Amino acid sequence: MSKLKLYNTLNRRVEEFKPLNPQNVGYYSCGPTVYDYAHIGHARTYIFADILQRTLEFNGFKVKRVMNITDVGHLTSDSDTGEDKMELASRRSGKGASREKKTVWEIAKFYSDDFMHTLNKLNIKKPDIICRATEEIKAMIGLVKTLEDKGFTYEIEDGVYFDTGKLPDYGKMTGQNFQELKKSLRAGARVEMTVGKKNITDFALWKKTPEGIKRQMEWDSPWGKGFPGWHIECSAMSMKYLGPAFDIHSGGVDHIKIHHTNEIAQSEAATGQQFVRYWLHAGHLLVEGEKMSKSKKNFLRLKNLAERKFLPLALRYLFLTSSYRQQQNFTWKSMIASQIAYDELTDITAQLKRSMQSGERVSISEEKLNKADAFREEFVESINEDLNTSRAMSVLWKAVKSNIPPGDKYDLLLLFDEVLGLGLSGIETEKEYQVPPNILELINKRETMRLQKKYEVADRIRKEIEKQGYTVEDMEKGTKVMPVKPYTGVGNEKKEFEKSG
Ligand code: AMP
Ligand code: ZN
């Protein structure tokens, strides 16, 4: 079997994956900040994380995956001067006539539930450990204390800061040296630097609640009442659950320059050893050339796709057709194409399952056996080539269209799906459709009219049923009702984004 190779941002090259322990892999993926809905940009990054986990498992590794939920400390500005996104969302929640004021805790619960629900619909495996920043404050304070004891921190009115000037290899993952990094951060800075900060690259480990202000989320610490910095959260939680050195850490590309760079700095300063061996980053999902994001309000949720009858797993299919490291531009046209391809795949899977159940397994010739083996090998080679899912998908289609016997084809599909996660093992021989009661009522009415030979009325009812998105087919025994293929009726390319906040 080919060896697993992954692109490691830390060394800027594709490398063979060799875990610290030959069988067990420790993997931490940065979780969401839960102040707004999960969108399909998040979906792309977490589908990538899921494919990575499944690929590791496919290669025989036992994976312990940890994911955090950021429910405190992520500021609106990267330079430690903005407002906490959670507190801001709570403050804004009461605005507008019909809107109810929500506490930060209610906001965190509501949006983390929405996020977990989204993962579930996309068939993303639940991480082994899901930890919330607000429940791990003790570990964070402990880590800041260690850094303080080792002389890497300084305290100013605003909080406790990490002195990046004290770490010779600060910023190593960015490929820029200290001076270049400082320069590029200065160029991108939109706000004044916090008073007392020594370097623009220094970052808050602990932010003090300013005099006269009462935050909803704040804790006592040796440096006064306050809250942890966003970066220290991930270092403290990942090392608590996976140890001071572990194998893989992932997130979106936006995390490379600041969040992950600072995680590396503070973790390695604290432990004196390499924090993480492989850093993997997913490219962004764009919409009209811009990053889909909560703050830009140009985002779409699964709910918006469902309104147009697109299935979450067809979105997963769409993401698998491109490399996780590249940016991907979301268009309705590509969504339609993916839904059509996904429908075809599930139809074929159902057919194969039917033919398996209906008869003896055909014995397979040497030639076809070799062919099936070759498909399997090529599939493994593809996913092991830095998770090349688009190539893996083309191998899948090659196998589907080949002349190997249905049983072997079906087995291959299910095997491939252990990595792809398109839900193929759950496909029934007859796809079952849930027909809503109002449609059933119309069907019955139509049936009655037909029995009474009132064909004109029956026809009008059929048209009404079709208008509501279902097709009617008269069979020998009864009527077959099916939803209109989800993608028909779409094609309206008008801009339609979720508005919230
Ligand atoms: P956030 O909740 O904004 O901290 O994001 C959680 C994760 O989703 C991070 O790893 C982000 O990099 C990732 N993410 C956010 N927006 C997008 C996007 N448009 N495309 C891909 N990943 C994204
Ligand atoms: Zn993180």
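I began with one pair of side chains: Asp 50 forms a salt bridge with Arg 316, and their closest N and O atoms are 2.8 Å apart. I note that the model is a predicted one.

Next I looked up where the domains lie. The domain assignment gives the chain three parts: domain 1 covers 22-283, domain 2 covers 302-426 and domain 3 covers 437-500. I then kept to domain 1 and domain 2, whose C-alpha centres lie 35 Å apart.

How many salt bridges does the rule find across the interface of domain 1 and domain 2? I found 1. For polar contacts, I counted 11 residue pairs between domain 1 and domain 2, both residues being at pLDDT 80 or more.

I then asked which elements of domain 1 supply the side that touches domain 2. α1 (40-58), α3 (104-121) and β11 (276-282) each give at least two residues. The largest share comes from α1, with 11 residues. Sorted by class, this side of domain 1 holds 11 nonpolar, 6 polar and 4 charged residues.

I looked up the contact counts as well: 21 residues of domain 1 are in contact with 29 residues of domain 2.

Last, I turned to area. About 2,000 Å² is buried between domain 1 and domain 2, and carbon and sulfur atoms give 69% of this. Which residues of domain 1 lose the most area to domain 2? I noted Ile 40, Arg 44 and Phe 58, which together make up 35% of what the domain 1 side buries.

Conventions:
Residues numbered from 1 in each chain as written. Chains lettered and ligands numbered in written order. Predicted model: local features only at pLDDT ≥ 70, side-chain atom pairs only at ≥ 80, totals over all residues. Heavy atoms only, no water. Domains from an automatic or database assignment. Contact = heavy atoms within 4.5 Å. Buried area = accessible area lost by both parts, 1.4 Å probe. Salt bridge = Lys/Arg side-chain N within 4 Å of Asp/Glu carboxyl O. Polar contact = N/O pair within 3.5 Å; in protein donor to acceptor, adjacent residues only side chain to side chain. Helix = DSSP H or I, 4+ residues; strand = E, 2+ residues; numbered from the N terminus. Nonpolar A, V, L, I, M, F, W, Y, C, P; charged D, E, K, R; others polar.
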